[in-house]
Amino acid sequence: MTAGNQDTALQSPIDTVVSDRAFLECPRWHDGRVWVSDLYRHEVISIGADGAVTVEATLPGDEPSGLGWLPDGRLLITAMESGRIMRREHDGEIVVHADLSSVATGKLNDMVVAEDGTAYVGSFGFEFKRDTPIAPANLIRVAPDGSFTVEASDLRFPNGMVITPAGTLVVAESMGNKLTAFDIGADGRLDGQRTWAAFGPDLPTESVKAAMSAAAVAPDGICLDSDGAVWVADALNRRVIRVEEGGAITAEVVFATGVFACMLGGPEGDTLYACAAPNSSEAARRHTRDASLLATRVGATHGGRP
């Protein structure tokens, strides 16, 4: 791992945006509000500047995760359990945008939606338990009309994703100790798979426990800044790090609890939002309400998508 010119002095006070939630994931800044999925309350919520919470969508019996918007403003939501992308129509009705259950390897995961409405969504690849072996997972491209193709099948728990202004897709491989990049073609297809930043050597695959024990960073949710660096929620180390292409870590924001996803937004684009919880255990989080969305100002502004 390359430390670069790491700077922790940029850290400002950390505020709580919303609390008493089950487990928050996939924060987004959209239309002047911060949006986030609460997996185990089966809700997508948004929060305004006054702190008021609006329930934007519910997925009864399913777990919402990745969020994005079509060019006409309709909301797309990853439904993790059923393996579908759901769409909120203009009248609020929730319909199926794409049924990916035939190609999802385990639960669906995070998603990023390009400017033209093309969505890229990852999947777990295996049942996420301590003693489960690591298996490769599919990364799926969903066209604006809901048709889909598998673009990669060898990723280790593809998680958060960003799209750079130059048309590069960067994917966090949570069980791979790295960020992986692809070139996005004019038709939305992916090519040129390569390592964008490695945090250390390849991890063992005999179990989740072994992989996590050997990892330097567990890249979970990510976002992009206007200088092209990726901000990474490190699920192992209670921090969000700023990573440049090649692996240099140039800033770190430390939290008092686990953080599992992040987004730059706010009126000036320099507020770092972080989804926080004591841990990511489904058994522990499903029936508790001790997750929160935190925010702090940083020396960077939002870039790219989401």
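Me: Is F157 buried or exposed?
Reply: F157 counts as buried, because its relative accessibility is 6%. Buried stands for under 20% relative accessible area, exposed for over 50%, and partly exposed for what lies in between (1.4 Å probe, protein chains only). The model is predicted, so local features need pLDDT of at least 70, side-chain atom pairs count only at pLDDT 80 or more, and totals for chains, interfaces and linings use all residues. Residues are numbered from 1 along each chain as its sequence is written, and side-chain values use heavy atoms, with hydrogens and water left out.

Me: How many aromatic pairs are there?
Reply: The count comes to eight aromatic pairs. Rings of Phe, Tyr and Trp (its six-membered ring) pair if their centres lie within 6.5 Å; planes under 30 degrees apart are stacked, over 60 edge-to-face, and the rest tilted.

Me: What about W29 and Y273, how are the rings arranged?
Reply: The pair of W29 and Y273 is stacked, because the planes are at 10°, with the ring centres 6.1 Å apart. W29 belongs to strand β2 and Y273 to strand β23 (residues 271-277), 244 residues apart, which makes this a link between distant parts of the chain. Strands (E, at least two residues) and helices (H or I, at least four) are DSSP runs, numbered from the N terminus. W29 is partly exposed at 30% relative accessibility, whereas Y273 is buried at 8%.

Me: Back to F157, which residue does it pair with, and at what angle?
Reply: F157 forms a tilted pair with F128, at 5.3 Å centre to centre and 45° between the planes. F128 is in the loop between β11 (119-123) and β12 (137-142), and F157 is in the loop between β13 (148-155) and β14 (158-163), so the pair ties together parts that are 29 residues apart in sequence. F128 is partly exposed, at 36% relative accessibility. Ring pairs also join F124, F126, F128 and F157 into a cluster.

Me: Which residues lie nearest the centre of the largest pocket?
Reply: F124, F128, S280, S281 and E282 lie nearest the centre, out of 34 lining residues. β2 (24-30), β18 (219-225), β22 (258-265) and α2 (282-285) are the elements that give two or more residues to this lining. A pocket is an open set of points on a 1 Å grid over the protein atoms alone, where a 1.4 Å probe fits, with protein on both sides within 12 Å along at least five of seven lines; lining residues have an atom within 4 Å of a point.

Me: What is the volume, and how does the lining divide?
Reply: The volume of the largest pocket is about 760 Å³, taken as the space filled by probe spheres set on the points, which are joined across faces, edges and corners. Its lining has 18 nonpolar, eight polar and eight charged residues. Ala, Val, Leu, Ile, Met, Phe, Trp, Tyr, Cys and Pro count as nonpolar, Asp, Glu, Lys and Arg as charged, and the others, Gly among them, as polar.

Me: New topic: how many disulfides does the structure hold?
Reply: The structure holds zero disulfides, a disulfide being a pair of cysteine sulfur atoms within 2.5 Å. For C26, the nearest cysteine sulfur is that of C275, 7.4 Å away. C26 is buried at 1% relative accessibility.

Me: Where is the cis peptide bond?
Reply: The cis peptide bond joins R305 and P306, with omega about 5°. P306 is in the segment after β25 (302-303).

Me: What is the phi of N177?
Reply: N177 has a positive phi of about 65°, although it is not a glycine. N177 sits in the loop between β15 and β16 (178-184) and is buried, with a relative accessible area of 0%.
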